[in-house]
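Hi,

Here's the structure I promised to pass on to you. Have a look at it first, then read on for my notes.

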Amino acid sequence: MLDINFIRDNQEQVENGMLAKGEKENSIVADVLAKDEEWRAIVHKADNIRSESNAKAKKIGALMGQGKKEEAQTIIAETSSLKEEIKNLDEQVKAIQEERENLLYKIPNVPHSSVPVGSNESDNKVFSTWGEPNIEVWRKPHWEIVERYGWVDFERGVKVTGAGFPFYIGPVAQLQRALINYFINEAGKAGYTELQAPYFVNEASARGTGQIPDKEDMMYVVPRDEFFAIPTAEVPVTNFHRDEIVAEQDLPIKYVCYTPCWRREAGSYGKDVRGLNRLHQFDKVELVKIVKPETSYDELESLREHAEKLLQALKLPYRTLLMCTGDMGFTQSKKYDLEVWSPGQQRWLEVSSCSNFESFQARRMQLRYRKEEKNTEMVHTLNGSALALPRVVSAILEAYQEENVKIRVPEVLKPFIGRDYL
RNA sequence: GGAGAGGUGGCUGAGUGGCUGAAAGCGCUCCCCUGCUAAGGGAGUUUAUUUGGAAACAAGUAACGAGGGUUCGAAUCCCUCCCUCUCCGCCA
């Protein structure tokens with residue numbers, strides 16, 4: 001959510017930002033400002049009447065204390081109309097405020113000036129590439145490898161839960177556990193505090209990070225207890241400090257958190273969902289940063305670099321995309337995607353997404369820090385995957401296979417797995 | 001799940017209808033005094049929002065777990081929900 005004061009002062013920028021992000025309409029910006037005018041006028045009126053009413057109530061108290069019941073009675077009679085009026089105005093304020101809020105929720109974050117303008121994924125800029133994409137034709141896609149060895153059981157996953165909920169068996173299960181440990185350890189070395197978070201959140205948390213009202217359909221819900229299964233650790237971890245005012249000297253706050261992620265992925269189909277490419281449950285190690293506004297873009301770069309180093313250490317070729325305005329989502333102001341090369345599929349697979357939200361999430365969460373002596377200011381929040389597991393697993397299986405289809409273990413994972421081949 | 005107790009400012013903790021946005025203590029900030037690794041004195045110290053102001057700031061409004069109700073007036077009374085603690089039950 002954007003700051004209404006910011007919108008008031010930067011109407012044009014917000015309107016242009018909406019169009020750049022691919023919204024067809026931006027009249028909502030003018031609507032929200034009009035609604036805000038209305039709100040302020042009526043709040044002002046209500047406050048004045050309340051003030052009058054409070055003054056009278058005080059006088060009544062004083063008169064009662066002096067035993068002047070008669071005089072008090074006449075003032076009480078006067079207040080009854082005020083009471084009615086206040087009640088009326090309060091209802092209006094509440095209604096208008098809600099309308100204003102609803103409009104505000106529909107305005108996306110403004111893209112940063114360094115973000116390329118574009119309408120879809122073809123306009124994303126290749127920011128950098130690392131390594132040489134392997135194009136040997138004998139390499140098999142990971143689904144053939146895991147089938148041959150019986151390392152992932154999709155069918156039993158369907159039986160037990162449904163499509164997109166596979167079992168991982170033996171070496172691949174071990175590989176995933178090794179990756180999780182490796183990723184968390186590396187984040188720890190980089191100064192991230194390890195967190196274990198709830199896998200279910202309440203509605204306020206889902207709202208805080210922007211899953212509601214925008215992306216409600218991506219989440220699994222537990223209706224009886226009104227919980228949402230987390231689509232990413234970003235949700236519980238960023239909400240960790242919701243409704244708090246943190247101390248300036250505590251910033252930046254950096255967390256690493258491993259969780260499974262649940263996503264309904266409604267509408268996905270085709271080649272994209274083959275094998276481990278797209279699942280309803282997958283594992284991910286997530287980084288979250290809570291920082292001072294003036295540092296957030298530097299923090300974004302170091303976040304991206306950290307994620308990139310993991311792919312480098314695994315010796316997996318990848319490219320980094322700077323997402324264009326039209327492809328970066330509602331809540332972000334700037335976003336990088338890391339795509340690993342899948343030699344068995346001959347295509348790039350997204351394994352990380354590093355974003356700066358500026359104060360967009362912080363404002364929803366009322367997450368502030370105390371600046372200098374008095375003032376409080378919204379923090380900036382960032383997050384990035386480091387990394388999402390299944391596609392890294394695919395890339396490893398495909399890149400580390402030898403012609404006899406044996407799979408070598410990446411050097412940095414050997415301490416966790418304890419042998420040379422899976 | 002059953003029974004009971006309770007949720008007040010950064011913390012401890014008072015407050016059962018008006019003079020309480022909130023005593024007192026601790027902590028913190030600033031100033032003064034003091035020649036010594038201490039003590040004393042004074043002032044300040046929640047948040048949001050509206051109006052005015054370039055700003056400092058001033059005035060108003062709201063908030064004592066959340067929401068609703070009673071009342072001229074609610075931290076204080078009533079209702080619903082959430083949470084915490086104690087005992088019982090169940091359990092990794």
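Below is what turned up, starting with the RNA and moving on to a helix and some rings. One thing to keep in mind is that this is a predicted model.

**Around the RNA**

Which parts of the RNA face the protein? Of the RNA atoms within 4 Å of the protein, 70% belong to sugar or phosphate, and the rest belong to bases.

D47 has an N or O atom in its side chain 2.6 Å from a base nitrogen of RNA strand B. In the case of R368, a side-chain N or O atom is 3.0 Å from a sugar or linking oxygen of RNA strand B. The elements giving two or more residues to this surface are helix 3 (27-65), helix 4 (69-105) and strand 14 (368-370). Helix 3 supplies the largest share, 11 residues. Sorted by class, the surface near the RNA has seven charged, six polar and five nonpolar residues.

**A helix on the inside**

Next, go to helix 12 (residues 389-399). Since 10 of its 11 residues are buried, helix 12 is largely enclosed by the rest of the structure. Among the buried ones are L389, P390, V392 and I396, but also R391 and E398. What covers them? The cover includes helix 5 (142-149) and helix 7 (171-189), along with strands 10 (281-291), 12 (334-342), 13 (347-356) and 16 (380-388).

**Rings**

Searching the whole structure gives 11 aromatic pairs. Take F200 and W262: their ring centres are 6.3 Å apart and their planes are at 10 degrees, so this pair is stacked. F200 sits in strand 5 (residues 200-201) and W262 in strand 9 (residues 253-262), so the pair ties together parts 62 residues apart in sequence.

Finally, look for charges over rings: the charged end of K254 sits over the ring of Y192, 4.7 Å from its centre, and the charged end of R304 sits over the ring of Y336, 5.0 Å from its centre.

Definitions and conventions:
Residues are numbered from 1 along each chain as its sequence is written. Chains are lettered from A and ligands numbered from 1 in the order in which they are written. This is a predicted model: local features need pLDDT of at least 70, side-chain atom pairs count only at pLDDT 80 or more; totals for chains, interfaces and linings use all residues. Side-chain values use heavy atoms; hydrogens and water are left out. Buried means under 20% relative accessible area, exposed over 50%, partly exposed in between (1.4 Å probe, protein chains only). Helices (H or I, at least four residues) and strands (E, at least two) are DSSP runs, numbered from the N terminus. Contact means heavy atoms within 4.5 Å. A residue is near a molecule or strand if one of its heavy atoms lies within 4 Å of it. A polar contact is a pair of N or O atoms within 3.5 Å; within protein, one must be able to donate a hydrogen and the other to accept it, and residues adjacent in sequence count only if both atoms are side-chain atoms. Ala, Val, Leu, Ile, Met, Phe, Trp, Tyr, Cys and Pro count as nonpolar, Asp, Glu, Lys and Arg as charged, and the others, Gly among them, as polar. Rings of Phe, Tyr and Trp (its six-membered ring) pair if their centres lie within 6.5 Å; planes under 30 degrees apart count as stacked, over 60 as edge-to-face and the rest as tilted. A charge sits over a ring if NZ of Lys or CZ of Arg is within 6 Å of the ring centre and within 35 degrees of the ring normal.
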